[in-house]
Amino acid sequence: MPTSRFLLWSGLAAAAGGAVLCALGWYGISGERFAERQLPYLASCTVPGAALLVAGAVLVGAATLLPVRPPEPRRTADAEEAPPPSSDGPLLRVPGGTLAHRPDCPLVAGKEEAVEAGDAELAPCPVCEPWPP
């Protein structure tokens, strides 16, 4: 997870928790007439709630200021040069399936219903990556 998304969601969670604590503190204080009976609500809910609101605002602000970098592309073999196959034999497919698999692919290995892919237009399996398909 990118850092800016983590900061954003952490900030929103902290701000939401702070708002809940402030509301609970206000509700507790509003039911008490004397100041000495209001202090526990102030100390246990309102002050920590305000601190969480400030911390949440700081985290959300930091998330909006951080540059969002796109994920780095995966390094693949040169397009001209295909990786050597991990097993010999024709590509396989499951009847009705849309993926081409190498014979040793765990998705088709040992399955009696797997048949040769032949000339069918299939996408390469993301697990065994049968290049070229």
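**Surface patch, helices and core of a predicted model**

Leu39, Leu42 and Val47 form a nonpolar surface patch of about 260 Å². Patch residues have over 30% relative accessible area and no salt bridge, and nonpolar side chains are joined within 5 Å. A salt bridge is a side-chain nitrogen of Lys or Arg within 4 Å of a carboxyl oxygen of Asp or Glu. Areas come from the Shrake-Rupley method with a 1.4 Å probe. Leucine 39 lies in helix 2.

The model is predicted: local features need pLDDT of at least 70, side-chain atom pairs count only at pLDDT 80 or more, and totals for chains, interfaces and linings use all residues. Residues are numbered from 1 along each chain as its sequence is written, and side-chain values use heavy atoms, without hydrogens or water.

Helix 1 covers residues 3-30. Helices are DSSP runs of H or I, at least four residues; strands are runs of E, at least two. At 1.5 Å a residue, its 28 residues should span 40 Å, and the end C-alpha atoms are 40 Å apart, which agrees. Its buried residues (under 20% relative accessible area) are Ser4, Leu7, Gly11, Ala14, Gly18, Gly25 and Gly28. Helix 2 (35-65) is part of their cover.

The largest nonpolar core comprises six residues: Leu92, Cys105, Val108, Ala114, Cys125 and Cys128. Such a core joins buried Ala, Val, Leu, Ile, Met, Phe, Trp, Tyr and Cys residues through side-chain atoms within 4.5 Å. Beyond four places in sequence, Leu92 contacts (heavy atoms within 4.5 Å) residues including His101, Val108 and Ala114.

Histidine 101 sits in the loop between strand 2 (99-100) and strand 3 (115-116). Histidine 101 is buried, at 5% relative accessible area. Its contacts beyond four places include Leu92, Val108, Cys125 and Cys128.

How values were computed
Buried means under 20% relative accessible area, exposed over 50%, partly exposed in between (1.4 Å probe, protein chains only). The expected span of a helix is 1.5 Å times one less than its number of residues. Patches are made of residues with over 30% relative accessible area and no salt bridge: like charges are joined within 9 Å, nonpolar side chains (Val, Leu, Ile, Met, Phe, Trp, Tyr) within 5 Å.
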